[in-house]
Amino acid sequence: MPSSEIGERLVRARKRRGLTQRELARISGVSYSLIQQLEQGVRQDTRLETARKLALALRIPTTGLIVEYVEASADGGTHRQWAPVRRAAAGLYDDDIAEPPTVAGVRAALDATVPLFAAGEFGRLGAALPALIRDADALAGLDPEGRPLRVRVLQLVGWLMTQTRQFDTAEDVLAQALADAPDRLQAAAAVNTQGWLLLRRGRLAEADALAVRWADDLEPVRMSRATIGELSAWGSMLLRASAAGARDARDAEADDALRLAESVAVAMGREHAPREDRLRTFGPTTVALKQAENAMVRDQPEEVLRLAERVPKGGVRPTTNNLNRHRLDIADAHVRLRRHPQAVTTMLDILRDAPEWLPNQQYAKDIVGRIVERRRTLTPQMRTLADALDLPM
């Protein structure tokens with residue numbers, strides 16, 4: 001949740017702008033009573049989207065009101081489920097190596113796990129990863145080709161720990177991956193996930209600084225001479241910078257980064273998925289999804305639905321994670337427009353397609369929670385969603 005200093009910061013910023021509480025409420029669209037409660041310390045937290053509305057009205061970054069907004073960490077059941085993976089990532093293995101690992105064997109095992117990540121089959125991943133981490137660690141000290149493979153494994157583990165909201169482990173693993181990355185593009189893949197992790201932890205200023213620094217470093221001297229892999233890494237970093245800017249109420253900077261990312265995608269002409277990193281794609285479709293995401297961050301539900309109609313179809317698909325995140329934006333847009341049946345249908349579709357992915361999304365809990373709050377009686381479909389997300393009824 002936001003810093004407990006939000007009330008003091010809000011008072012100072014409001015007075016600098018020469019606004020009364022009622023004037024701030026009118027300009028921002030945030031209720032007068034909530035502003036009162038925050039300034040008086042009765043409430044010491046609020047949604048990130050609310051802080052952004054206040055920041056826009058006060059003409060300051062969101063981080064001018066909140067230092068950090070921490071998304072809820074994984075619950076006890078999730079921590080227990082992934083304990084063997086966390087132990088292996090820390091160098092504590094439950095099983096000994098029966099025979100020395102080989103580059104071919106570890107590469108084949110790694111390639112076999114990638115579809116599980118893409119499909120959100122977390123249960124099977126949890127069973128496969130400890131041995132893969134152990135073998136990759138051993139191989140890194142035995143064969144020159146082992147180090148890049150270990151970095152790939154660490155990147156996947158960092159992505160998974162971020163996805164399941166095990167943030168401290170994700171931070172440690174991604175730092176290892178970045179330190180050992182054998183080249184700039186593999187390092188950029190680790191940094192990209194670090195940026196996502198920082199966004200989920202609400203460390204917006206850090207996320208922005210990291211993405212901007214790496215986007216500047218990855219920018220090719222001439223786009224016409226850059227490889228598609230280099231363009232993809234650069235464009236992906238620009239999207240991270242745009243996402244951080246949008247959440248930090250720096251819309252002009254967010255739009256600039258997004259426009260540049262779009263020009264990179266146009267130059268590429270198609271989605272690109274690196275052979276060694278199938279969890280990350282970049283291209284026109286991914287940019288379109290992120291345009292809709294930024295619109296949802298700005299509380300523009302009609303724009304989200306309009307942009308959703310324009311998302312390119314066919315060709316190489318963006319990642320399942322990006323697609324499902326986009327579907328959550330669509331559901332959220334319907335909720336904000338009080339189109340609850342459409343929102344429920346969208347959420348049920350995600351639950352059907354990604355039953356292990358959805359419960360790990362705090363965003364999904366927030367969407368269904370708002371539906372539940374507004375309804376006097378719940379339909380069986382709403383109860384199904386609430387049960388799947390472990391929401392109190």
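Predicted model: local features only at pLDDT ≥ 70, side-chain atom pairs only at ≥ 80, totals over all residues.

Trainee: Fine. Which helix is Q194 found in?
Mentor: Q194 is found in helix α11, residues 184-200.

Trainee: Is Q194 buried or exposed?
Mentor: Buried. Its relative accessible area is 14%, and the cut-off for buried is under 20%.

Trainee: What is Q194 in contact with, leaving aside neighbours within four places in sequence?
Mentor: L174, A175, L178 and L210.

Trainee: Let's zoom out. How many helices and strands does the chain have?
Mentor: The chain has 20 helices and zero strands.

Trainee: What about its radius of gyration?
Mentor: The chain has 22 Å. A compact globule of 393 residues would have a value near 21 Å, so the two agree. Along its principal axes, the C-alpha trace spans about 70 × 50 × 40 Å.

Trainee: How much of the chain counts as buried?
Mentor: 54% of the 393 residues. The accessible surface comes to about 17,900 Å², and carbon and sulfur atoms hold 49% of that.

Trainee: And what share of the contacts comes from residues 24 or more positions apart?
Mentor: 67%, counting contacts with a separation of 6 or more.

Trainee: Charges next. How many positive and negative side chains are there?
Mentor: 56 positive and 53 negative. The centres of the two sets lie 6 Å apart.

Trainee: How many residues of α13 are buried?
Mentor: 17 of the 20, so α13 is largely enclosed by the rest of the structure.

Trainee: What comes just after α13?
Mentor: A249, with a positive phi of about 60°. That is a positive value in a residue other than glycine. A249 lies in the loop between α13 and α14, and it is buried at 13% relative accessible area.

Trainee: Now α19. How many of its residues are buried?
Mentor: 10 of the 13, so α19 is largely enclosed by the rest of the structure. Among the buried ones are Y363, K365, I367 and R370.

Trainee: Which helices do the buried residues of α19 pack against?
Mentor: α4, α11, α15, α17, α18 and α20. So α11, where Q194 is found, is one of the partners of α19, if you read as the numbering.

Trainee: How far does α19 reach?
Mentor: 19 Å from its first C-alpha to its last, close to the 18 Å expected.

Trainee: Last one. Where is T46?
Mentor: In the loop between α3 and α4. T46 counts as buried, at 6% relative accessibility.

Trainee: How far apart are T46 and G105?
Mentor: They are 59 residues apart in sequence and 49 Å apart in space, C-alpha to C-alpha.

Technical notes. Residues numbered from 1 in each chain as written. Heavy atoms only, no water. Helix = DSSP H or I, 4+ residues; strand = E, 2+ residues; numbered from the N terminus. Rg over C-alpha atoms; globule rule 2.2 N^0.38 Å. Buried < 20%, exposed > 50% of the residue type's maximum accessible area, 1.4 Å probe, protein only. Contact = heavy atoms within 4.5 Å. Areas by Shrake-Rupley, 256 points an atom, 1.4 Å probe, with all protein chains shown as cover. Lys, Arg positive; Asp, Glu negative; His and termini not counted. Charge placed at Lys NZ, Arg CZ, Asp CG, Glu CD. Expected span 1.5 Å × (residues − 1).
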